[in-house]
Amino acid sequence: MKFHVVTYGCQMNVRDSEAVSALLMRQGYERAEGEADAEIIVVNTCSVRGKAEAKALGKLGLLVADSRRNHPDRVIGVMGCMVQRLGAELFKKVPGLGFGVGTHAFSRLPLVLQEVFEGKMPVLDVAEDDAPEALTGHIEGALSAFVNILLGCDRRCTYCIVPYVRGREWSRPVDRVVDEVRELTTKGVCEVTLLGQSVMNYGRRNEVWPEGSTSPGGYETPFPRLLEAVDAIEGLERVRFTSGHPSGCTTELTRAMAELPSVCEHLHLPLQSGSDPILEQMRRGYTADQFRQAARALQAAVPGVALSTDIIVGFPGETAEDFERTRAFMDEIGFDNAFIFKYSPRSGTPAAEWPDDVPDEEKMRRNKVLLEDQTRRVEAINAALVGQRVNVLVEGPSLRNAARWSGRTRTNKVVVFDPVPGVERGGCVDVDVERVTATTLYGTIEGSRLNI
Ligand code: SAH
Ligand code: SF4
Ligand code: F3S
């Protein structure tokens, strides 16, 4: 029987979709080419903003209507954060759904499908586990893979639904993470991204190390120690992790980033706002100055480090002055990339009780201003790379023009170059940067001009 998974949301959802696909394949289901030939379609959902939910609901409505008309035996199901948030209400919002599995129930999807085929539609599983183990299993053939290390979130920023839909923080034992990464490398993966909502909290709430284990580099805190253990895995070229938090940017963390060869010079460090009263209302756990200290420590220890960030515009009470402070602060830090979001009240969070008092047009204006600033900023940052040599992990023919190839730098920038004999997917090459835009670096493989 053939299935297809449609994914919305963050990297954790991309990871979950892959794990669920691998699980279904172990159970004898087959991956469909796409929606058209699928007998089961699962939509993996996100609840972080109203728009994310509206998109998934719209998609589900279309899928159910199309199945009714053209594929009466097809089953449409939902998984992920929105199922956890809405529970059975989801089945009222979209009549005709076959099943819903919450964020702690992915491993039970085969059982849920069994019940569906016994005619018990719709089936809902939103039960929570106390120490949920991440479902593992990857799809063959990829160069890069996501690996969960920290599930859930205990931070409870006042605007955020994630702690409600993903549950308490729980760190996977080091041995399981290392085994999973090692297995990935035997299948050709050369880059991993370690995932956690506040990833530097790894190992804070539950024990992750076997008793008596020691760190060769003398690291004492769990997250840098994990980086050290993953870095030691043979065949792994690059290690990334997301998302960071200023409180985790300790001397040990910056030392690990500087010393461990596979750990990339790149960190996603969400700022949200550059104004202290707003940061406090958001309950982010740092001031703008503490963020500045963290960024400076990283930039000093890891030369050329690229920082990316998330910003929310139009949080309750955000004045034009607060916004201008965020703007100036982003310039001061010099982010390489920024994801800008308009504040969206999420029912059940503390901030949803406060007046959503920045009008939508103003949220849109602030969003646009920050995006324009960001484009200018990254153009200048990238311009400084012209004439420099960057190390590129080769991904293969570029999407736009198959005659040229593309890959990424350690700082996560896309590079387009002409392939030369001997260069292959999964290899690393040095490229001399000749021309840049806000999104792409263009260059020539080191020395290849001499051969022409
Ligand atoms: N755990 C990550 C963020 C996960 S959600 C972290 O804290 O770094 C991804 C991003 O969505 C957040 O960084 C934030 O910028 C944005 N976001 C979360 N809740 C939101 C809301 N209610 N409205 C608008 N944006 C939101
Ligand atoms: Fe949400 Fe804050 Fe947790 Fe990130 S750290 S998932 S923004 S509560
Ligand atoms: Fe990710 Fe959205 Fe859930 S951001 S954790 S899929 S609410």
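By class, the shell around ligand 3 consists of 4 nonpolar, 3 polar and 1 charged residues, where Ala, Val, Leu, Ile, Met, Phe, Trp, Tyr, Cys and Pro count as nonpolar, Asp, Glu, Lys and Arg as charged, and the others, Gly among them, as polar. Before selecting anything, note that this is a predicted model, in which local features need pLDDT of at least 70 and side-chain atom pairs count only at pLDDT 80 or more, while totals for chains, interfaces and linings use all residues. Residues are numbered from 1 along each chain as its sequence is written, chains are lettered from A and ligands numbered from 1 in the order in which they are written, and side-chain values use heavy atoms, with hydrogens and water left out.

Select ligand 3 and display its surroundings: Cys10, Asn13, Cys46, Ser47, Val48, Cys81, Arg166 and Gln197, a residue being near a molecule if one of its heavy atoms lies within 4 Å of it.

Keep Gln197 in view and move to ligand 1, which has 15 residues around it, with Gln197, Pro270, Gln272, Asp310 and Ser344 coming nearest.

- Asp310 places a polar side-chain atom 2.6 Å from an oxygen atom of ligand 1.
- Arg49 has a side-chain N or O atom 3.0 Å from an oxygen atom of ligand 1.

Next, colour by domain, using domain 1 (2-125), domain 2 (144-381) and domain 3 (389-444), bounds that come from an automatic or database domain assignment. The C-alpha centres of domain 2 and domain 3 are 26 Å apart, and their contact (heavy atoms within 4.5 Å) takes 18 residues from domain 2 and 12 residues from domain 3. The area buried between these two domains is about 1,100 Å², with carbon and sulfur atoms giving 50%; buried area is the accessible area (1.4 Å probe) that two parts lose on being put together, summed over both.

Now zoom in on Arg410 and Glu265, which form a salt bridge whose closest N and O atoms are 2.8 Å apart. Between domain 2 and domain 3 the count is 2 salt bridges, each a side-chain nitrogen of Lys or Arg within 4 Å of a carboxyl oxygen of Asp or Glu, and 9 residue pairs are in polar contact, both residues at pLDDT 80 or more.

How values were computed:
Polar contact = N/O pair within 3.5 Å; in protein donor to acceptor, adjacent residues only side chain to side chain.
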